[in-house]
Structures are given as structure tokens and as C-alpha cells.
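Please keep the sequence and the 3D view at hand while going through the numbered points.

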Amino acid sequence: MGLLDSVVGALAGGQSGGESPLLNIVMQLINNPQSGGLGGLVQSFQQGGLGNIVNSWVSTGQNLPISAEQIQAVLGGGKLQDIAAQLGMSAEQASGGLADLLPQVVDKLTPNGQVPEGGDLLAQGLDMLKKGGLFS
């Protein structure tokens, strides 16, 4: 997972050893080919009735917030329990962390207001992430 490690490092400010486990989970969700990658994740939110929220993250305007409960509704209890177990925290803590981080990551990976098509999303977004930083 060399490329994933590079992206996570860029998002974490390039700190060696400062990798965020939650950020790593978010990047795995976004780059999961079984669920359709970023496009599939966006589609899950749209199908879950949260299209206006997820579309705000993709668009070039202001990101709308999402609640931990909304994250749980879209991802489902089983997936959220798996994420929480990986992070060593409760499902509520995991969904709260995802609610804080996911809008920022999706926003940074879609700087032109569109979900990138084809190829490796992480490779396409790596330069943008390094230039813009996640928390700027």
C-alpha cells in the first residue's frame, strides 16, 4: 500500500509515524474497488437520501456538515462496527470521526467539482493533496 501510505502522509502533514488510523480507514473506504471507490461511496450517500450533503463535498462550494447518525445510516451498523473494531473505539466515536473527516477528504479529492473517472483515484489526487493539504 505504498501509494496509500503516501496519501495518508500528505494528508497528515507529512509527519513520519503520524499516520491517523481514522484517515487510513477513510482512504480505504474511498479506494475500495469492491464498493465502487469514491464514486460508489458518493452514490451510497445519494441513495441514502443525503445527495445534497455529499454533492456539497464534491462541488467547489461550501461543504455541508453530516451527523454521526447520518454516517451510520449510510454505512450501516455492521460496516461501522467493523471500522470501530479496527480503531479500538465505539461505533458512535467512529461515526463521529468519520462525520468530521469524510467531508474534508472527499472535498480535497474532487477539487474540480467532479468525481474523477478511471485510473487510480489516489494517484490522480495525490498531487492535489500534497499541494493543498487537508487542513488548510
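1. Axes are lines fitted to C-alpha atoms, for helices over the stretch in contact, and angles run from 0 to 180 degrees between N-to-C directions. Helices (H or I, at least four residues) and strands (E, at least two) are DSSP runs, numbered from the N terminus. On that basis, the axes of α5 and α6 come within 8 Å and cross at roughly 95 degrees.

2. The model is a predicted one, in which local features need pLDDT of at least 70 and side-chain atom pairs count only at pLDDT 80 or more, while totals for chains, interfaces and linings use all residues. Residues are numbered from 1 along each chain as its sequence is written, and side-chain values use heavy atoms, with hydrogens and water left out.

3. Overall composition. The protein chain has seven helices and zero strands, and its pattern along the sequence reads α-α-α-α-α-α-α. Of its 136 residues, 41% are buried; buried means under 20% relative accessible area, exposed over 50%, and partly exposed in between (1.4 Å probe, protein chains only). The accessible surface comes to about 6900 Å², with 47% of it belonging to carbon and sulfur atoms; such areas come from the Shrake-Rupley method with a 1.4 Å probe, and for residues only the protein chains shown count as cover.

4. Contacts along the chain. Contact means heavy atoms within 4.5 Å. Among contacts between residues at least 6 apart in sequence, 59% join residues at least 24 apart.

5. The pair α5 and α6. How are these two helices oriented to each other? Helices α5 and α6 are roughly perpendicular, given that angles under 35 degrees count as roughly parallel, over 145 as roughly antiparallel, 65 to 115 as roughly perpendicular and the rest as oblique. Helix α5 contributes Leu80, Gln81, Ile83, Ala84 and Leu87 to the contact, and α6 contributes Ala91, Ala94, Ser95 and Leu98. By class, these residues are seven nonpolar, two polar and no charged. Here Ala, Val, Leu, Ile, Met, Phe, Trp, Tyr, Cys and Pro count as nonpolar, Asp, Glu, Lys and Arg as charged, and the others, Gly among them, as polar.

6. Gly78. This residue belongs to helix α5, which spans residues 77–87. Gly78 is partly exposed, at a relative accessible area of 47%. Its C-alpha atom is separated by 9.6 Å from that of Ala91, 13 residues apart along the chain.

7. The pair α3 and α6. Helix α3 (residues 37–58) packs with helix α6 (residues 91–109) at an angle of about 95 degrees, their axes being 12 Å apart. That angle makes α3 roughly perpendicular to α6. On the α3 side the contact is made by Leu38, Leu41, Phe45, Trp57 and Val58, and on the α6 side by Leu102, Pro103, Val106, Asp107 and Leu109. This contact divides into nine nonpolar residues, no polar and one charged.

8. Leu102. Which residues does Leu102 contact, leaving aside its neighbours within four places in sequence? They are Val26, Ile30, Leu41, Phe45, Trp57 and Ile71. Leu102 lies in helix α6 and is buried, with a relative accessible area of 2%. Leu22 is 80 residues from Leu102 in sequence, and their C-alpha atoms are 9.7 Å apart in space.

9. Ser56. Beyond its neighbours within four places in sequence, Ser56 is in contact with Gly61, Gln62, Asn63 and Leu64. A polar atom of the Ser56 side chain lies 2.8 Å from the backbone nitrogen of Leu64.

10. Two exposed positions. Glu92, in helix α6, counts as exposed at 56% relative accessibility. Glu92 and Glu69 are 23 residues apart in sequence and 8.3 Å apart in space, C-alpha to C-alpha. Asn112 is found in the loop between α6 and α7 (121–132), and at 68% relative accessibility Asn112 counts as exposed. The C-alpha atoms of Asn112 and Val58 are separated by 8.2 Å, with the two residues 54 apart along the chain.

Conventions
A polar contact is a pair of N or O atoms within 3.5 Å; within protein, one must be able to donate a hydrogen and the other to accept it, and residues adjacent in sequence count only if both atoms are side-chain atoms.
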